[in-house]
Amino acid sequence: MKSIAILISGRGSNMCSIVAACASGRVQARVVAVISNEADAAGLAYAAEHGIATRVICHRDFATRPQFDAALAQALDSYAPDVIALAGFMRVLTPAFVNAYRGRLINIHPSLLPAYPGLHTHARALAEKASLHGATVHFVTPELDGGPSIVQAAVPVLEDDDAARLAARVLEQEHVIYPQALDWIVQNKVKLDANGKVQFL
Ligand code: GRF
């Protein structure tokens, strides 16, 4: 069975949805490790309660980004994961790190990329009076939130939405599409090809 390592920085609700999907067989894989760059990430407790190995590698303990990424890679490699899922992991990774895990490093972003890369996506969608918003699961490439999409979910922006209400509706969809995308990947139904395009097989 394929293995998944998950990187988090906080709440970890996407991580929980992936763990639950693996436990129920909706994703044909097991979660071998949850690693956080923040010691107080709420998600760590959930992972530990579910018998998953947890590690904290705090970016503030390293002088440079490459040094942090090297420590992260060393920790990840000790679990030999087939797939690495970024789930609310709030650090920008170096191109060297990203390229080392090409095709195996996946992220979820709370917008319909290429709209609203970066932070504060819900507030930006509201400010621009977008009628549709949503989430994207994508392969990670060195360009921040710029990698090719695997699956997206759209939600309508409602008249009385604020950023919190909109974020909650998007998050509900995130919890559906992230496990789905990971199941496709571990079952070799989708891959990143040599030209950097997503192929469904
Ligand atoms: C999610 O909205 C995810 O798309 C974004 O950060 C948030 C993390 O939430 N990258 P959680 O930690 O998974 O609950």
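Is Ser 78 buried or exposed? Ser 78 counts as exposed, because its relative accessibility is 52% and the cut-off for exposed is over 50%. The model is predicted.

## Ser 78 and the end of helix α3

Ser 78 sits in helix α3. This helix covers residues 65-79. Ala 33 is 45 residues away from Ser 78 in sequence. In space, the C-alpha atoms of Ser 78 and Ala 33 are 9.8 Å apart.

Ala 80 lies in the loop between α3 and β4. Strand β4 runs over residues 83-86. Ala 80 is not a glycine, yet its phi is positive, at about 45°. Ala 80 counts as exposed, since its relative accessibility is 56%.

## Ser 3 in strand β1

Ser 3 belongs to strand β1, residues 2-8. Ser 3 has a relative accessibility of 4%, so it counts as buried. The cut-off behind that call is under 20% relative accessible area.

## Ala 29 in strand β2

Ala 29 is found in strand β2, which spans residues 29-36. Its relative accessible area is 3%, so Ala 29 is buried.

Which residues does Ala 29 touch, not counting residues up to four places away in sequence? They are Met 1, Lys 2, Ile 4, Cys 22 and Val 186. Gln 187 is 158 residues from Ala 29 in sequence. The C-alpha atoms of Ala 29 and Gln 187 are 9.0 Å apart.

The ligand takes up the space of the largest pocket. Two elements each give two or more residues to the shell around the ligand: α1 (13-24) and β5 (105-109). The residues surrounding the ligand include Arg 11, Gly 12, Ser 13 and Asn 14. Gly 88, Ile 108, His 109, Pro 110 and Glu 174 also surround the ligand.

A polar side-chain atom of Glu 174 is 2.7 Å from a ligand oxygen atom. A polar backbone atom of Asn 14 is 2.8 Å from an oxygen atom of the ligand. A ligand nitrogen atom lies 3.1 Å from a backbone N or O atom of Ile 108. Taken alone, the ligand exposes 370 Å², and the protein buries 85% of that.

Asn 14 lies in helix α1. Asn 14 is buried, because its relative accessible area is 7%. The backbone of Asn 14 supplies the polar atom placed 2.8 Å from a ligand oxygen. The side chain of Asn 14 makes a polar contact with the side chain of Glu 174, at 2.9 Å.

What else is in contact with Asn 14, leaving aside its neighbours within four places in sequence? Besides Glu 174, the list holds Ala 87, Ile 108, Leu 171, His 175 and Tyr 178. Glu 174 and Ile 108 also belong to the residues that surround the ligand.

## Thr 94 and its loop

Thr 94 is found in the loop between β4 and α4 (95-100). Thr 94 counts as buried, since its relative accessibility is 13%. Leaving aside neighbours within four places in sequence, Thr 94 is in contact with Arg 65, Pro 66 and Asp 69.

Tyr 116 is 22 residues from Thr 94 in sequence. Their C-alpha atoms are 21 Å apart in space.

## Backbone details in two loops

Where is the cis peptide bond that involves Pro 114? The bond from Leu 113 to Pro 114 is cis, with omega near 15°. Pro 114 lies in the loop between β5 and α5 (121-127).

Asp 145 is a residue other than glycine with a positive phi, near 55°. Asp 145 is placed in the loop between β6 (132-139) and β7 (149-156). Its relative accessibility is 13%, so Asp 145 counts as buried.

Notes:
Residues are numbered from 1 along each chain as its sequence is written. This is a predicted model: local features need pLDDT of at least 70, side-chain atom pairs count only at pLDDT 80 or more; totals for chains, interfaces and linings use all residues. Side-chain values use heavy atoms; hydrogens and water are left out. Helices (H or I, at least four residues) and strands (E, at least two) are DSSP runs, numbered from the N terminus. Buried means under 20% relative accessible area, exposed over 50%, partly exposed in between (1.4 Å probe, protein chains only). Contact means heavy atoms within 4.5 Å. A residue is near a molecule or strand if one of its heavy atoms lies within 4 Å of it. A polar contact is a pair of N or O atoms within 3.5 Å; within protein, one must be able to donate a hydrogen and the other to accept it, and residues adjacent in sequence count only if both atoms are side-chain atoms. Accessible areas come from the Shrake-Rupley method with a 1.4 Å probe; for residues, only the protein chains shown count as cover. On a 1 Å grid over the protein atoms alone, a cavity is a set of points where a 1.4 Å probe fits but cannot get out, and a pocket is an open set with protein on both sides within 12 Å along at least five of seven lines; lining residues have an atom within 4 Å of a point. A molecule sits in a cavity or pocket if more than half of its atoms lie within 2 Å of its grid points.
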